[in-house]
Amino acid sequence: METGAIPHYQAQAQEVTLFEHAFRRQLPVLLKGPTGCGKTRFVEHMAAKLGRPLYTVACHDDLSAADLVGRHLIGDGETYWNDGPLTRAVREGAICYLDEVVEARKDTTVILHPLSDNRRILPIERTGETLHAPPEFMLVVSYNPGYQNLLKGMKPSTRQRFVALRFDYPQPELEARIVAQEAGVDDKLAAQLVKLANALRVLKEHDLEESASTRLLVYTATLMQDGFEPQAACRAALVEPLTDDPETVEALMEVVQTFFA
Ligand SMILES: Nc1ncnc2c1ncn2[C@@H]1O[C@H](COP(=O)(O)OP(=O)(O)OP(=O)(O)O)[C@@H](O)[C@H]1O
């Protein structure tokens with residue numbers, strides 16, 4: 001759970017207003033977009049702005065309904081019930097953010113459906129309890145519609161329960177502002193890094209699974225701010241994280257050299 005100051009977030013379009021309306025109207029929200037484009041930061045910003053606690057769950061292929069709802073545990077020779085993050089969020093009227101929801105096991109759908117349509121209920125089978133979500137509870141899920149998720153996808157019956165917002169890497173000017181602010185570098189350097197990222201993003205189709213994210217640009221700028229030579233910073237924070245193939249690394253470094261000689 002995170003509370004406190006409002007984390008910095010630069011809006012790309014109408015997402016802040018849309019999210020606020022969804023919250024007030026008790027509609028769940030789905031965020032789609034590539035890795036490191038600002039989805040998590042956006043949710044953290046919105047939770048703080050709306051004054052709600054935030055429970056974030058990074059979904060993985062072993063994550064089950066019980067991991068979200070809760071389970072009986074044994075302690076001091078007795079069994080006791082322990083709420084999972086989703087149940088806690090419903091009880092407290094918090095925002096629950098399920099990151100990469102398509103990774104989770106299929107049994108999670110059964111609990112997400114009645115919670116994300118107008119019933120807004122969370123049946124806890126193991127205890128026989130049925131929780132009615134208070135108006136302040138909000139379910140937010142995200143996934144990366146990259147090609148590795150095409151097969152897994154999201155069932156239409158799940159998808160059609162959400163207001164959906166599409167994210168992408170921000171427009172160059174905005175992305176430069178984000179990099180400058182997040183890493184504390186000057187505007188000129190930030191703009192040059194964004195140009196480089198966009199040159200690398202064009203190459204994405206070749207053999208890269210994902211392109212250079214805003215997150216990696218912030219990392220690269222941070223290393224430069226700490227005094228690393230531009231090429232060393234780009235290699236460590238922008239190129240090596242993209243691929244394990246040494247030849248591709250060198251090909252990408254050639255692009256880097258045209259921007260940072
Ligand atoms: N619009 C933005 N405003 C401020 N910072 C941003 C923005 N977009 C990206 N960032 C920066 O990029 C970093 C990565 O963003 P974030 O963690 O939100 O990505 P994500 O889309 O949730 O990625 P993943 O899907 O991999 O979890 C943030 O920590 C922040 O530094």
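How many residues of domain 1 are in contact with how many residues of domain 2?

**Entry 1: basis.** I worked from a predicted model, in which local features need pLDDT of at least 70 and side-chain atom pairs count only at pLDDT 80 or more, while totals for chains, interfaces and linings use all residues. Residues are numbered from 1 along each chain as its sequence is written.

**Entry 2: domains.** I looked up the domain assignment, whose bounds come from an automatic or database source; it gives domain 1 (15-166) and domain 2 (172-259). Their C-alpha centres lie 32 Å apart. I found six residues of domain 1 in contact with five residues of domain 2, contact being C-beta atoms, placed from the backbone, within 7 Å. On the side of domain 1 that touches domain 2, I noted two nonpolar, four polar and no charged residues. Here Ala, Val, Leu, Ile, Met, Phe, Trp, Tyr, Cys and Pro count as nonpolar, Asp, Glu, Lys and Arg as charged, and the others, Gly among them, as polar.

**Entry 3: ligand.** I listed 19 residues around the ligand, of which Thr-35, Gly-38, Lys-39, Thr-40 and Arg-41 come nearest; a residue is near if its C-beta atom, placed from the backbone, lies within 6 Å. Two or more residues of this shell come from each of α2 (39-50), α7 (172-183) and α9 (214-225). Helices are DSSP runs (H or I, at least four residues), as are strands (E, at least two), numbered from the N terminus. Each domain supplies at least three residues to the shell. By class, I recorded five nonpolar, nine polar and five charged residues there.

**Entry 4: whole chain.** I recorded eleven helices and nine strands.

Definitions and conventions: Contact = placed C-beta atoms within 7 Å.
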